[in-house]
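Colleague: I would like to go through this two-chain model with you, beginning at the contact between the chains. Please show it first.

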Amino acid sequence: MKTRIAKPIKRVIAPILLISCAPLAFSYAATTATASNSADNVSTNQQQVTSAKWGITFAAVNTDFTGSTGTFTSGGNPVVRTIPFVMTNVTTVDLAKWTMRTTTSNIGPNRDYQIKICTAAYTGVVCGGTETILQAASNTDVSNSNSVEAALPAGPTTYQGLIVVTKTNGATTGATSVTLRATVTNAIASTDLGAAATVSN
Amino acid sequence: MWQFRRANHRLSHTSFTVRFAIASLVALGGLTLSTTGVWTSLQAQSDNSGNPLSSQSGILSLVLSPNPESTTTSQGLGLATVTSPAIPTQTAATGWKLGNTDGVTNKTVKPGDTIYRFINLYLSGAVNATGLTMQVADLANGGAGSALSLCNSSTVNGTVCGATGLIPGLQLTVDQCSVATGWTAVTTAPGSCGNNTTDIKAVVATTYLKALIATTTDLNVLNPGTFATLTSNSTTADNSTAVARLRFKFTLPLAPTQSIQNANVPTTQTIQNQTSALKFTFNTTQRSAISVSS
């Protein structure tokens, strides 16, 4: 069959025979269906999850608060001096308790101090909203004294604070300074946060 | 002599081929004439043109819906709008975040919290399906995810997870309700399903979200056969017609102590104030081809 006619015939016939005898090797991918809560990656459709944060400060973030009464007059007892502050709660969940650390100076038998916060502004020493006494009147100087405080009144994240120092007797005129630090701790054994919740919503 | 024989052989071979080709053409011509000849005969014809056989390819479509669909308070997996089938559009603009564990305003999750969410999946087309898989992605931080999805109890990651166990990460459990009444009492954790024992089929055992990211989870493995046959029903949308009635349980495990002074909340290596944007994608496959005679 080595002729001029045979060659083209072989070239045409052979591939046809090969194809006709080949096994069917094509396959069709199965159709799938998809559902998503964010098929278009629109953020509002995704399941947003934000974990809590916790903390309180009496001053700027990561800063202890320190305030002073200035010097007192020698007479005219009782003499009342106040130290205002602003307390901010950045905790995003319920707070069961927290710790205040206090350091004072020149507090004694003739001079006491009191620490309180208000959900609104103070007028003089009168709270215009709900008042919480963090430290009842005391005439004992303290240094880095920790006290566990109860939950804060609900509502604002910012509270107006007032330290009231009263010279009740004597002629000592030295200023009283107060330093405050707030600590919120989430510990497995005893957390300052509210109890863990199980909800369905 | 040799050249003469070779030439003669070539001539005879060529001659045979030519003759064979001519004979083939003649035969083929005759065959053509015989098949195209005019034959006079009576013919009858019948067709179904008056009632043509209608055929239509089916549609395979999977729909994700919060459960229940009838209220604006059910939040499903965060999806805000479902349009097909006719599932009411949710209008609650707030509260899509996972949480609400401390009332309306605080929508954050603290260590130890557990939140349940419920969804239904429907086949809205006409084609049945088989199998169900789930993919989870955390699209937060440009798709990089967050500590909630990147960390688990044993992960050590200097920039995100910190020391071992510092950030436990979010955990997820998924259960299927196998009865037509579906999940009920969904606003009271953990919801209810049938007899609350054997009617509840675990499809994703409790695991860290980290293990589910960037992988495909076959929801038919823990309880084989649970999603073997998914029946299409595009006319209604309720528990009875859903092909999957899933309960999602999110848990943020208790975390090691983090004591924060003067609100100095850390921004790295912490479980605090982490945000994830979770994308859930479900896939099913059309049912096997069938041969019927009808």
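Modeller: This is a predicted model. In the contact between the chains, chain B takes part with 70 residues and chain A with 54 residues.

Colleague: How much area is buried between chain B and chain A, and what share do carbon and sulfur atoms give?
Modeller: The contact involves 70 residues of chain B and 54 residues of chain A. Together they bury about 5,200 Å². The share from carbon and sulfur atoms is 51%.

Colleague: Which element gives the most to the side of chain B that touches chain A?
Modeller: The elements of chain B that give two or more residues to this side are α1 (2-36), β1 (62-66), β2 (114-123), β10 (258-261) and β11 (275-286). The residues on this side divide into 32 nonpolar, 31 polar and 7 charged. The element that gives the most, with 12 residues, is β11(B).

Colleague: Which residues touch the most other members of the largest nonpolar core?
Modeller: The largest nonpolar core has 77 residues. Apart from it lies another core of 8 residues, including F118(B), W183(B), C193(B) and I200(B). In the largest core, the residues that touch the most other members are W98(A), M134(B), L246(B), F248(B) and F282(B).

Colleague: Turning to charges, which residues are linked in a network of salt bridges?
Modeller: A search of the whole structure finds 6 salt bridges over all chains. One of them joins R101(A) and D64(A), at 3.9 Å from N to O. D64(A) also meets R181(A) in a salt bridge, at 2.9 Å from N to O. The linked residues are therefore D64(A), R101(A) and R181(A).

Colleague: How many residues apart in sequence are the parts that D64(A) and R181(A) tie together?
Modeller: The side chains of D64(A) and R181(A) meet in a salt bridge. D64(A) lies in the loop between β3 and β4 of chain A, whereas R181(A) lies in strand β13 (residues 177-186) of chain A. The pair therefore ties together parts whose separation in residues is 117.

Colleague: What is the relative accessibility of D113(B), which forms a salt bridge with K110(B)?
Modeller: The closest N and O atoms of D113(B) and K110(B) are 3.4 Å apart. K110(B) is buried, with a relative accessible area of 1%. D113(B) also counts as buried, and its relative accessibility is 0%.

Colleague: Which residues is T184(B) in contact with, leaving aside its neighbours within four places in sequence?
Modeller: T184(B) sits in strand β5 (residues 183-184) of chain B. At 37% relative accessibility, T184(B) counts as partly exposed. Beyond the neighbours left aside, its contacts are G191(B) and S192(B).

Colleague: Where is P190(B) found?
Modeller: The peptide bond from A189(B) to P190(B) is cis, with omega near 0°. Chain A also has a cis peptide bond, from N77(A) to P78(A), with omega near -5°. P78(A) is found in the loop between β4 (65-68) and β5 (79-89) of chain A. P190(B) is found in the loop between β5 and β6 (192-193) of chain B.

Colleague: What is the phi of N196(B)?
Modeller: N196(B) lies in the loop between β6 and β7 (200-208) of chain B and is partly exposed, with a relative accessible area of 40%. In chain A, N62(A) has a positive phi of about 65° although it is not a glycine. N196(B) is a residue other than glycine, and its phi is positive, near 60°.

Key
Residues numbered from 1 in each chain as written. Chains lettered and ligands numbered in written order. Predicted model: local features only at pLDDT ≥ 70, side-chain atom pairs only at ≥ 80, totals over all residues. Heavy atoms only, no water. Core = buried A, V, L, I, M, F, W, Y, C linked by side-chain atoms within 4.5 Å. Buried < 20%, exposed > 50% of the residue type's maximum accessible area, 1.4 Å probe, protein only. Contact = heavy atoms within 4.5 Å. Buried area = accessible area lost by both parts, 1.4 Å probe. Helix = DSSP H or I, 4+ residues; strand = E, 2+ residues; numbered from the N terminus. Nonpolar A, V, L, I, M, F, W, Y, C, P; charged D, E, K, R; others polar. Salt bridge = Lys/Arg side-chain N within 4 Å of Asp/Glu carboxyl O.
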